[in-house]
Amino acid sequence: LVGKVAKIGLVLVAGGVALSAVGLDLTALTVFSGAIGVGLAFGLQKVVSNFVSGVIILLDKSIKPGDTISLEGTFGWIRELRARFVSVVTRDGREFLIPNEDFITQRVINWSFSDNLVRLDVNFGVSYDADPHKVSELAIEAAISVGRVEADRRPVCWLTDFGDSSLNFVLRFWIRDPQQGLTNVRGKVLLALWDTFKANGISIPYPHREIIMREAGPVRRGHGGQ
């Protein structure tokens, strides 16, 4: 921030000194510079807005390099802050240059603002033949077996619904490295659940639909053979 302000200040001072050195009367350019200033104000409105927003971001430290953020469907971590934009790198290697103004005017999810702990949910269902108490215990053990899941914050598993075809549960666990991805750790937890349930004879049912076939009545013909 100090560097950016000093750079702009030096450029302005150097411009004033250069104009004075060539013998130009700066007071004579007042009206002309005022007209140019109005035009520049309209033309550079977004540029100035993004610059001021960047200064605000640097001052309040709402985001900083290394933070994991979500903004309008973009999930990634911040590589660097610039005067006009913020560089955000996603998990697939794409780099988004997001204007600073968006981080001031829109809702931003900073997954690592105060700490890196993030809670994730995984929903699943099991057969009605299974013991729900046993299912909860096995699900917690399966989650703990995944390396990225925090063992200090023990996962929890709750029965949420008696569904049409299954007992529905939600498994909640914590991770400390959201920048490493969320979908992959959910996938590993789901695979651990699959292996654990299969080893303990707990089935995940298919949806059941019942179709009733009724015998059709006699067809009546209308007048005229129709």
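**Close-up views of a predicted model**

**View 1. An open sheet of 5 strands.** The strands of this open sheet follow the order E4-E3-E2-E1-E5, with antiparallel pairing. Strand E4 (95–99) and strand E5 (109–110) form the edges, and each pairs on one side only. The model shown here and in the other views is predicted.

View 2. Strand E3 covers residues 85–90 and runs antiparallel to E4. The pair is joined by 5 bridges.

**View 3. Strand E8 and its pairing with E6 and E7.** E8 spans residues 167–175. Strand E6 (residues 118–126) runs antiparallel to E8, and 9 bridges join the two. Strand E7 (residues 156–162) also pairs with E8 in the antiparallel sense, over 6 bridges. E7 and E8 make a hairpin, with 4 residues between the strands.

**View 4. Phe-169 in strand E8.** Which residue stands opposite Phe-124 in E8? It is Phe-169. Phe-169 is also the bridge partner of Leu-159.

**View 5. Ile-57 in helix H3.** Helix H3 covers residues 45–60 and includes Ile-57. Is Ile-57 buried or exposed? Its relative accessible area is 1%, so Ile-57 is buried, the cut-off being under 20%. Beyond its neighbours within four places in sequence, Ile-57 contacts Ser-62, Ile-63, Leu-81, Asn-100, Phe-103 and Ile-104. Glu-101 lies 44 residues from Ile-57 along the chain, and their C-alpha atoms are separated by 9.6 Å.

**View 6. Ile-104 in helix H4.** Helix H4 runs over residues 100–105 and holds Ile-104. Ile-104 has 37% relative accessibility, so this residue counts as partly exposed. Ile-104 is one of the residues in contact with Ile-57. Ile-57, in contrast, is buried.

**View 7. A nonpolar surface patch.** Which residues make the nonpolar patch? They are Val-48, Val-52, Ile-56 and Ile-104. The patch has an area of about 300 Å². H3 gives the most to the patch, with 3 residues. Ile-104 belongs to H4.

Note on methods: Residues numbered from 1 in each chain as written. Predicted model: local features only at pLDDT ≥ 70, side-chain atom pairs only at ≥ 80, totals over all residues. Heavy atoms only, no water. Pairing = 2+ DSSP bridges. Buried < 20%, exposed > 50% of the residue type's maximum accessible area, 1.4 Å probe, protein only. Contact = heavy atoms within 4.5 Å. Patch = residues over 30% accessible without salt bridge, like charges linked within 9 Å, V, L, I, M, F, W, Y side chains within 5 Å. Areas by Shrake-Rupley, 256 points an atom, 1.4 Å probe, with all protein chains shown as cover. Salt bridge = Lys/Arg side-chain N within 4 Å of Asp/Glu carboxyl O.
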